[in-house]
Amino acid sequence: MADGTSPQGPLRWMLGQLRFSRRRALAVSALAIAAAVGSVVGPLLFGAITNVIVEGTTGTSGLDWSRLGQLLVIQAAIYVAVAGFTGLQGQLLTVGVQRSIAHLRERIEDKVHRLPLRYFETTQRGALVSKLTAHTDNAATVIAPVLITVPTNLLTLVVVTAVLFLISPLLAMVALAAAPVSAFVSTMVARRARPLLEDRWTTTAALAGHVEEELSTRRMLQANGAEQVALQRFDVLNDRLFDSTRSSQWVAGTLGPLLTAINAVVFVILAVFGGMMVVDGRLSLGAAQVAVLFSQQLISAVRSLAGFVQKIQSGMVSAGKVREVLEEADEEDSGREFAASGVESGGRHRRPPEIVFTDVSFAYQDAEVLHSVSFTIPSGTTTAVVGSTGAGKTTLTNLLQAFYRPTSGSIAIDGEDIAALGAREVRTGMAVVTQDPWLFTGAVRDNIAYGNADEEAIRRALRDGHLEQIVAALPQGIDTVVGQESENLSTGEKQLVAVARVIAASPRILILDEATSAADPRTELLIQRALNRLRRSTTTLVITHRMATAALADQIVVLEDGRVVECGTHTELLAAGGTYARRCGVV
Ligand SMILES: Nc1ncnc2c1ncn2[C@@H]1O[C@H](COP(=O)(O)OP(=O)(O)OP(=O)(O)O)[C@@H](O)[C@H]1O
């Protein structure tokens, strides 16, 4: 696999992403070549027109108006055709490029759902967002130069040089001498600009991440009077972005004036030499004109090639970033079909599964956080896991959802090791409610249905989830748009929507991770009641700090420092007089 950041790799990779039909590619190339040929023929005709005028005014036979008219009409037709070819080629290319970019975005969106949790934990959010948006667009800017502008400019260079040599080898040598100088200057500038461009993108991503974080924690920042800290961080990043943008643009900005200066010197030399040759009679005025015009075309072709070097550099940096995401390893076996509900095609509900943890040990990095954890959650029962902060309770739920694999030991669902099942399969028919109810921006109906439930299931979820009254009070009822930052619903009400989603999905496995800990007593009661209806149709794992919640479970597992220290029913554990009883304040 090519290195995503190597100078050659990303360009070839980016071109590999193109979705051009052969016909479109041929049409674009033919139009581009025709436009390039037209722009070379134009100056030749201009020279011929000048010669006709010179001969007509200095000769004896007078001005040949018919030939002059013919040449002028042909030249006008060529310029119109060049404009038409260039415009059409641009349109065809744009549509093709945009289609390719849309396809690339689709691939990235798909990839985001297949990346392992660990990737998101170790990647800065802003960097990821800019890879998915700005970098994708910027990467596309290399396509037109690489496919069209660079080849046509090279073609122009070759043809113009050849014609220049035919007209006058001396003038051709003068014009050509400027090309390596221009190319050298451009390469030097591009080399200096590249690290500055990298820095500019990195800082833009960091700034985007900071703003995103600032917006999502706006209330907390204000409540804790921490706006100043956020402002300072913003200022640091903003200054860095200013510096890197200024430096990169300054470096890039030197290229234009440098090339203009080289151009001016060449122009003066050609004008002097050409003029002397015309006076000596070694060259016609028209040919001298063509030589000067061609030398300008030659320099402008070198100049635009140099300009594209910089554009291509920037695009390659972006292509490398996009490629990095697409080439990340997928979460293992995440490609299987995902069915969110436990209802079989026939409408009959499958029996909730038995879940068995056998000697499960796990380490996020080096330090083990779970040590030989074993317990069984029988089919259709509820097991509560209690334990102090950092004991490893949430880690257990992460392993059950196959976000990570146990370092040793196994977790089996109905006798099948989840390592063999694959992540998507494991999560089929599994629902999770955490302390933070997550809602996406959309109607309450869509938040409950989440693409799976039908009208009947939504109605049932509203009723059983105690949401009917709350939804009725919303301005557009069930069609009211809500979201994570929405002010329409309180946190407790959002939690009820999350619970209603679970009811509508009819999961076979339910994970409640501190699901009611942020709710007030009344909402907690409503959530408990709503979830009780699911009790017998699901196998439930409850993570809780509240002993009253744990007491309702069929079985309680007490976890301390990653080890199971007690396991039994509420009554059994109270009678045992151990950790659980102490937590309940009984002993
Ligand atoms: N993504 C992670 N990367 C590295 N270490 C982690 C990660 N998540 C949790 N840990 C560590 O693993 C240990 C167990 O964390 P876990 O979240 O499972 O505890 P918990 O019992 O759920 O705690 P709490 O009751 O506070 O939610 C802690 O020491 C924690 O710092």
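Student: How far apart do the end C-alpha atoms of residues 25–53 lie?

Tutor: Welcome to this predicted model! The UniProt record, an unreviewed entry, lists residues 25–53 among its "transmembrane region" features. In the model that span is 100% helix and 0% strand. Its end C-alpha atoms lie apart by 42 Å.

Student: And how far apart are the end C-alpha atoms of residues 170–190?

Tutor: Residues 170–190 are also among the spans that UniProt places under "transmembrane region". This span is 100% helix and 0% strand. The distance between its end C-alpha atoms is 31 Å.

Student: At what angle do helix 7 and helix 8 pack?

Tutor: Helix 7 covers residues 143–167, and helix 8 covers residues 169–216. Their axes are 6 Å apart. The packing angle is about 145°.

Student: How many nonpolar, polar and charged residues are in the contact of helix 7 with helix 8?

Tutor: From helix 7 come Thr161, Leu164, Phe165 and Ile167, which meet Pro169, Leu171, Ala172, Ala175 and Leu176 in helix 8. Sorted by class, the contact has eight nonpolar, one polar and no charged residues.

Student: How are helix 5 and helix 8 oriented to each other, roughly parallel or roughly perpendicular?

Tutor: Helix 5 spans residues 125–132, and its axis comes within 7 Å of the axis of helix 8. The two axes cross at roughly 115°. Angles of 65 to 115 degrees count as roughly perpendicular. The two helices, helix 5 and helix 8, are therefore roughly perpendicular.

Student: Is the crossing of helix 5 and helix 8 left-handed or right-handed, and which classes of residue make the contact?

Tutor: Helix 5 brings Arg125, Gly126, Ala127, Val129 and Ser130 to the contact, and the residues they meet in helix 8 include Thr204, Leu207, His210 and Glu212. By class, there are six nonpolar, five polar and two charged residues. As for its hand, the crossing is right-handed.

Student: In what order do the strands of the four-stranded sheet run?

Tutor: This is an open sheet with antiparallel pairing. Strand 2 (368–377) and strand 5 (416–417) are its edges, each pairing on one side only. The strand order is 2-1-4-5.

Student: Which residue is the bridge partner of phenylalanine 357 in strand 2?

Tutor: Strand 1 (residues 355–363) pairs with strand 2 in the antiparallel sense over six bridges. The two strands form a hairpin with four residues between them. One of the facing pairs is phenylalanine 362 opposite leucine 370. For phenylalanine 357, the partner is phenylalanine 375.

Student: What is the order of strands in the six-stranded sheet?

Tutor: This sheet is open too, and its pairing is mixed. Strand 6 (430–434) and strand 12 (563–568) are the edge strands, each pairing on one side only. Neighbouring strands are turned by 15° against each other on average, direction ignored. The order is 6-9-10-3-11-12.

Student: Which residue of strand 10 stands opposite isoleucine 511?

Tutor: Strand 9 (residues 509–513) and strand 10 (residues 539–543) share five bridges. They pair in the parallel sense. The residue opposite isoleucine 511 is leucine 541.

Student: Which helix packs on the sheet and touches strand 3, strand 9, strand 10 and strand 11?

Tutor: The direction of this helix makes about 150° with that of strand 10. On the four-stranded sheet, it touches strand 1, strand 2 and strand 4, with its direction at about 65° to strand 2. It spans residues 393–400 and is helix 12.

Student: Which helix lies across strand 6 and strand 9?

Tutor: It runs at about 170° to strand 6. Its residues are 491–505. The name to remember is helix 18.

Student: Why is helix 16 called oblique to helix 18?

Tutor: Helix 16 (residues 455–464) packs against helix 18 with the axes 8 Å apart. The crossing is right-handed. The contact includes Ala457, Ile458 and Leu462 of helix 16 and Ala500 and Ile503 of helix 18, and its residues divide into seven nonpolar, no polar and two charged. The helices are oblique because of their packing angle, about 135°.

Conventions. Residues are numbered from 1 along each chain as its sequence is written. This is a predicted model: local features need pLDDT of at least 70, side-chain atom pairs count only at pLDDT 80 or more; totals for chains, interfaces and linings use all residues. Two strands pair if DSSP finds at least two bridges between them. Axes are lines fitted to C-alpha atoms, for helices over the stretch in contact, and angles run from 0 to 180 degrees between N-to-C directions. Two residues are in contact if their C-beta atoms, placed from the backbone, lie within 7 Å. Angles under 35 degrees count as roughly parallel, over 145 as roughly antiparallel, 65 to 115 as roughly perpendicular and the rest as oblique. A crossing is left-handed if the near helix is turned anticlockwise from the far one by less than a right angle, and right-handed if clockwise. Ala, Val, Leu, Ile, Met, Phe, Trp, Tyr, Cys and Pro count as nonpolar, Asp, Glu, Lys and Arg as charged, and the others, Gly among them, as polar. UniProt positions are given in the numbering used here, feature names are shortened, and annotations may be inferred rather than shown by experiment.
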